Amino acid sequence: METEEVSLVPPPRRSGTRTKRVRGIIFLKDVAVLALTSFGGPQAHLAMMFRLLVDKRRYLTSAELVELTALCQIVPGPSSTQTITAIGFRLGGPNLAYLTLLVWMTPAVTFMTVFALSISYLDSSLVARLVQFVQPIAIGFVAYSAYKIAEKVIHTKTSVALMVSGAMLAYSFQLPAVLPLLLLAGGLITAFRYSKLPQVEQKQPLRVEWANFILWLGVLIAAAVLGHYTRWLPVRLFENFYRNGSLVFGGGQVLAPLLFAEFVEFKRYLTAPEFLSGLGLVQAMPGPNFSFASYIGALAMRRDEVGVSGQLLGALVAAAGIFLPGTFLIFFLIRFWDQLKQYRVVKASLEGINAVSAGLVWAATFLLYHPLPDTPINLILVASTFLLLLWNRIPSYVIIGAGLVAGLLF
């Protein structure tokens with residue numbers, strides 16, 4: 001009797017799907033670690049992404065991470081959030097990208113919502129004491145990020161000149177519009193050297209998928225119309241934050257004065273001391289600074305006297321409003337970015353964009369240090385953090401944790 005052979009090797013497609021799923025789960029765990037330990041804003045986030053996602057896990061190369069970061073800085077929205085969701089998109093498509101966004105933003109949004117609900121019980125002096133050493137440590141992360149970027153992308157005299165010029169101009173003109181203009185100018189300068197690059201023999205046709213752009217624009221218009229006719233506060237809050245998230249360049253530091261003007265001075269949803277307390281708290285939180293929106297949304301809903309459930313709704317719609325526009329826009333660009341890079345002009349421009357990007361992070365290192373007291377302990381903490389990261393033996397979260405413990409003890 002003939003016996004049927006049973007193959008012990010699983011079908012390639014099924015095996016590949018399982019491997020991809022496992023890799024996606026590991027990636028989400030890494031994103032959760034970053035969300036809970038990444039203090040200090042986008043530049044410090046980038047340093048930790050280098051350590052975990054590039055050096056340790058090798059999800060992408062250093063050059064690819066720098067390139068994605070520069071691309072996200074040209075687009076409105078939270079750059080570190082856009083960068084990490086774009087990495088998720090490349091690894092697993094839209095589903096993994098949206099899960100990445102959810103995992104990345106949830107801890108910070110939750111923390112800021114809890115602070116908003118208990119704002120009257122918070123001791124601001126305790127918070128200031130807790131984070132007194134975290135701030136210089138975060139600057140050490142930014143300096144390390146600047147070093148890593150420069151190490152990877154600076155290879156020519158032109159790159160050096162663009163990095164130094166970009167740093168000096170960003171340091172001198174601290175305006176939101178300056179950052180994307182500097183990046184575009186750097187790309188334009190090196191784009192003229194495209195003839196030195198080898199020509200691609202077979203280019204893939206450039207196909208632009210407009211779905212995410214139409215989605216971004218459609219949500220913007222729909223929220224404005226619904227907010228105008230319903231006058232329901234949660235809808236208006238979503239529209240307000242979605243509009244701000246669609247227009248702001250430069251991250252949470254640039255967003256803060258816009259939110260103060262709209263929600264404190266004009267709409268009076270919260271007081272100036274409440275706003276400044278939340279702004280101080282978000283600096284001590286890991287993850288994206290745009291989570292500040294959930295704090296404002298929760299406090300704004302006090303006006304409707306709907307209790308805790310209403311404030312939770314306010315925090316939710318504010319967070320969705322501030323994070324979604326930048327996500328839609330980067331998903332629109334990332335779909336055809338690899339095809340666009342085939343053109344020699346675009347590829348040549350990346351040298352300038354990456355060099356200026358390194359200069360911007362160096363400028364951020366000095367700009368973030370200025371508000372701190374110029375004391376020996378702060379200088380030592382910045383230098384020690386940089387050297388520990390360079391030594392690459394102590395995990396980032398241990399360094400941050402040590403700073404928090406020291407703040408409680410001293």
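Which helix gives the largest share of the lining of the largest cavity?

Modeller: In this predicted model, the largest share of that lining, five residues, comes from helix H2, which covers residues 41-56. The cavity itself has a volume of about 100 Å³, and the count of cavities of 30 Å³ or more comes to two. Its lining is made up of Pro-42, Gln-43, His-45, Leu-46, Met-49, Thr-69, Gln-73, Ser-79, Ser-80, Thr-83, Ser-357 and Val-361. Besides H2, the elements that give two or more residues to this lining are helix H3 (62-74), H4 and helix H15 (344-369). By class, the lining holds eight polar and four nonpolar residues, with no charged residues.

Helix H4 runs over residues 79-117, and its end C-alpha atoms are only 28 Å apart, whereas a straight helix of 39 residues would span 57 Å. A bend of about 140° occurs in H4 at Gly-92, and Pro-94 follows within four residues.

H4 also carries Phe-89, which forms a tilted aromatic pair with Phe-331, at 5.3 Å centre to centre and 35° between the planes. Because Phe-331 lies in helix H14 (residues 307-340), this pair ties H4 to a part 242 residues apart in sequence. Phe-89 counts as buried at 13% relative accessibility, and Phe-331 is likewise buried, with a relative accessible area of 1%. The model has 15 aromatic pairs by count.

Conventions. Residues are numbered from 1 along each chain as its sequence is written. This is a predicted model: local features need pLDDT of at least 70, side-chain atom pairs count only at pLDDT 80 or more; totals for chains, interfaces and linings use all residues. Side-chain values use heavy atoms; hydrogens and water are left out. The expected span of a helix is 1.5 Å times one less than its number of residues. The bend at a residue is the angle between axes fitted to the seven residues ending there and the seven starting there. On a 1 Å grid over the protein atoms alone, a cavity is a set of points where a 1.4 Å probe fits but cannot get out, and a pocket is an open set with protein on both sides within 12 Å along at least five of seven lines; lining residues have an atom within 4 Å of a point. Grid points are joined across faces, edges and corners, and a volume is the space filled by probe spheres set on the points. Ala, Val, Leu, Ile, Met, Phe, Trp, Tyr, Cys and Pro count as nonpolar, Asp, Glu, Lys and Arg as charged, and the others, Gly among them, as polar. Rings of Phe, Tyr and Trp (its six-membered ring) pair if their centres lie within 6.5 Å; planes under 30 degrees apart count as stacked, over 60 as edge-to-face and the rest as tilted. Buried means under 20% relative accessible area, exposed over 50%, partly exposed in between (1.4 Å probe, protein chains only).
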